[in-house]
Amino acid sequence: MAKKKDNKLRFNVVIAFVYIIGIILLVRLFSLQIVNGAQYREESNTRLTRETTIHAARGNILDASGNKLVSTTMVYSAEIYKTKVDTQTLNEALLLFANTMEANGDTYIDQFPILVEPVSFKEGVNFENWKKNRKLDENFTIEECFNYYSERYEVKIDNASDARKIINLRYAIEINGYSNTRSVKLASHISNNSLAKLNEMSASFPGISTYTETTITYPYGEMASHILGYIGSISADELEEDDSYNQNDVIGKTGIERVFEKYLRGKDGTKLVDVSLDGVVMDEYVSEEAVAGSNVILTIDADLQKATESALAQGIADMQSGKLSGARTATEGAAVVLNCNTGEILAMASYPNYNPALFVNGISSADYNAYISDSRHPFINKAISEVSAPGSAFKMVTAIAGLQSGAITVNKKINDTGRYTYYKDYQPYCWLKSGHGWLNVTQAIERSCNYFFYETGRLAGIAELNRVAKAFGLGSRTGVELPDEASGTLAGPESDAQWTGGKTIQAAIGQSNNSFTPLQMAKYTAMVANGGQNLDVTIIKDIEKSDGTKVSRNEIDSFISEKLGVSNSGENLEISEENLTAVKEGMKGVTSDDAGTAVSYFKDFNTAIGGKTGSASIDDKGNANAWFVGFAPYDNPEIAVVVYVKLGQHGSNAAPIAREIFAQYFGMNVVEVKEDMTATNEEQTQY
């Protein structure tokens with residue numbers, strides 16, 4: 001009985017609560033519609049609320065020490081929405097806006113192609129095509145076109161300069177399209193003085209408002225442009241692929257900016273703005289906060305990157321000037337510095353660079369065409385996208401293949417008599433036509449004896465050469481986290497169905513179909529230095545979210561595998577200590593012994609270097625690409641350095657560039673090194 005009474009009491013309490021809520025709602029509704037109805041109706045008829053985007057700050061790109069290579073900063077911009085003001089009021093507001101910008105040294109949108117004082121047409125725009133596109137009378141003169149727009153926009157000002165300011169802004173509004181919910185940007189990067197004026201006198205600028213947005217800056221200028229990439233306005237195709245963007249967004253187009261767009265872009269927020277019908281802002285509030293993009297931290301060292309790029313540019317300039325033998329046509333190149341133990345890229349240069357800052361607000365046609373027409377191909381990252389035969393820089397592969405297969409031993413000597421005559425259809429000379437005489441493998445590497453490696457390649461066979469080369473990752477993409485990495489080609493029956501013994505001995509000295517990227521060559525050199533341990537080449541150290549947490553390495557690797565369709569190449573290579581020592585001693589001799597092909601640049605160097613020059617023939621006219629590959633310190637290798645110069649002619653020409661890079665890494669004072677001019681051109685050609 002007591003339980004029934006308790007349940008009835010609870011029921012009555014619930015009913016009472018419902019009635020109370022209902023009464024409150026009815027009172028509130030009565031207040032809104034009857035008591036204050038007229039007031040609220042008047043407010044709703046005289047103002048509107050529009051939704052605007054709060055642009056998320058794009059993530060920064062930093063070097064391994066935290067230096068900002070790409071920085072996101074906040075800037076002030078001005079935009080205009082359509083309002084219910086008459087034409088004259090709009091024109092007066094636009095003229096005041098233009099004068100305010102100019103008075104404070106700010107620029108604003110300028111898309112109207114007709115200039116005044118004197119009347120003329122902008123360079124780079126075809127007048128006849130413009131008239132046709134704008135559906136103007138084809139017989140109109142420039143002045144008649146100006147008058148047409150003056151009448152169209154009801155500009156009632158005699159001063160031609162002021163009239164153009166109004167026409168220009170009205171023209172921009174017309175061709176870009178605006179409404180009470182869609183704005184047109186009038187200016188960006190406006191100064192604090194202009195910002196204050198626009199905000200203080202907002203009633204004088206109907207429809208015009210200011211807002212903050214992010215912009216990208218490059219503190220180091222053109223440095224590492226091929227790594228970083230550039231951003232640009234999203235294209236129609238890109239917008240179709242991902243509907244989370246809108247047509248006003250920017251997106252990474254190349255390099256790290258493109259690959260890691262997902263992490264860098266952040267998430268935009270939303271702001272609601274109450275404005276009167278004449279465009280005056282009455283209130284605003286954030287409905288969804290923006291979330292900044294993640295910072296991408298690279299493995300490169302900014303100081304080493306700068307020094308590498310400088311050394312490469314100076315080295316090519318020295319070749320062009322005639323300071324280095326026979327390489328006046330050299331114009332392009334690349335250099336890579338790789339950690340021998342971790343596979344981290346410490347520096348990666350491609351020459352020439354380009355300026356990514358030009359793309360931030362849209363690159364001009366003149367600048368873009370200048371890059372496109374440049375025969376040096378500045379947009380191509382030659383460290384990962386250009387391939388070349390390695391020439392004699394490949395000879396460590398042949399040496400290891402011969403030693404590990406038992407075709408030769410560390411003590412076996414081969415007599416270089418000058419011309420190799422084993423195959424009747426292909427009987428090449430050693431680069432030293434008189435021959436080097438009897439040499440073992442260490443001496444052959446030091447002197448870069450072609451004859452020795454012809455014979456070693458024949459004895460080992462193409463299958464063994466390819467096995468070793470593949471283990472080093474040659475002929476396969478490294479899996480670096482950058483777009484457009486080339487695979488290259490490994491010479492052999494797989495790439496040439498008409499394979500012959502003569503082609504095998506060409507492959508043994510890095511010719512035939514062999515073609516690799518500088519980054520592949522850097523990995524190969526680093527693996528020789530570390531004893532054959534495979535390296536997972538990377539340029540990404542960390543990805544740090546805006547909340548301070550880091551993206552796991554597994555997630556990054558999985559993302560890259562899906563994004564670029566690549567994974568680590570190569571495998572651990574078993575090399576006996578005796579064989580490895582013989583090969584590395586030969587590389588040490590290249591830079592330290594009197595007979596070494598790069599000794600003139602390293603004989604006084606404070607750190608022992610293991611190196612190898614390479615001159616890769618590219619035609620039957622004697623032209624060649626220049627290579628230098630090396631590692632240091634010799635006894636405990638830390639870094640591998642590879643330099644590639646297109647049409648550098650002699651491998652020894654690339655050596656001084658590498659020397660400068662090693663000197664920067666080891667903190668040495670770089671001193672002028674005099675070139676050894678004792679060798680003849682003929683002697684230099686094949687190493």
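Biologist: Where does Pro633 lie in this predicted model?

Modeller: In this predicted model, Pro633 is placed in the loop between E19 and E20. A hairpin of six residues joins these two strands.

Biologist: What makes the peptide bond between Ala632 and Pro633 a cis bond?

Modeller: The omega angle of the bond joining Ala632 and Pro633 is about -10 degrees, and the bond is cis. Most peptide bonds are trans. Pro118 has its place in the loop between strand E4 (114–115) and strand E5 (120–121).

Biologist: How do you know that E19 and E20 pair?

Modeller: Two strands pair if at least two bridges are found between them. E19 and E20 have seven bridges and run in the antiparallel sense, so they meet the condition for a pair. As one of the bridges, Ala632 has Ile639 in E20 as its partner.

Biologist: What is the order of the strands in the open sheet?

Modeller: The five strands follow the order E14-E13-E20-E19-E18, and their pairing is antiparallel.

Biologist: Why is one side of E14 and of E18 left without a neighbour in the sheet?

Modeller: Strand E14 (345–351) and strand E18 (610–617) stand at the edges, and each has a single partner strand, so one side of each has no neighbour in the sheet. From one strand to the next, the twist averages 10 degrees. Helix H12 (residues 302–321) packs on the sheet and touches strand E13 (332–339), E14 and strand E20 (639–646). The direction of H12 makes about 35 degrees with that of E14.

Biologist: Why is E20 described as largely enclosed by the rest of the structure?

Modeller: Seven of the eight residues of E20 are buried, so the strand is largely enclosed.

Biologist: What makes Leu647 partly exposed?

Modeller: Its relative accessible area is 21%. Buried means under 20% and exposed means over 50%, with partly exposed in between; Leu647 therefore counts as partly exposed. Leu647 lies in the loop between E20 and helix H24 (651–665).

Biologist: Why is Glu117 called exposed?

Modeller: Exposed means over 50% relative accessible area. Glu117 has 59%, so it is exposed.

Biologist: How do you know that Ile445 is buried?

Modeller: The limit for a buried residue is under 20% relative accessible area. Ile445 has 0% and therefore counts as buried. Ile445 is found in helix H16 (residues 441–447). Beyond residues up to four places away in sequence, Ile445 touches Ala399, Phe453, Val583, Gly586, Met587, Val590 and Lys612. The C-alpha atoms of Ile445 and Gly611 are separated by 9.6 Å, although these residues are 166 residues apart along the chain.

Biologist: Which residues of helix H19 are buried, and what covers them?

Modeller: In H19 (residues 501–508), Gly502, Thr504, Ile505, Ala507 and Ala508 are buried. Their cover includes helix H15 (395–405), helix H17 (450–460) and helix H18 (462–471). H19 is followed by Gly510, with a positive phi near 80 degrees.

Biologist: Which residues make the nonpolar surface patch, and why is Phe17 called exposed?

Modeller: The patch of about 600 Å² is made by Phe17, Val18, Ile20, Ile21, Ile24 and Leu25. Phe17 lies in helix H1 (residues 2–35). The relative accessible area of Phe17 is 54%. Exposed means over 50%, so Phe17 is exposed.

Methods
Residues numbered from 1 in each chain as written. Predicted model: local features only at pLDDT ≥ 70, side-chain atom pairs only at ≥ 80, totals over all residues. Heavy atoms only, no water. Patch = residues over 30% accessible without salt bridge, like charges linked within 9 Å, V, L, I, M, F, W, Y side chains within 5 Å. Areas by Shrake-Rupley, 256 points an atom, 1.4 Å probe, with all protein chains shown as cover. Salt bridge = Lys/Arg side-chain N within 4 Å of Asp/Glu carboxyl O. Helix = DSSP H or I, 4+ residues; strand = E, 2+ residues; numbered from the N terminus. Buried < 20%, exposed > 50% of the residue type's maximum accessible area, 1.4 Å probe, protein only. Contact = heavy atoms within 4.5 Å. Axes fitted to C-alpha atoms, helices over the stretch in contact; angles between N-to-C directions.
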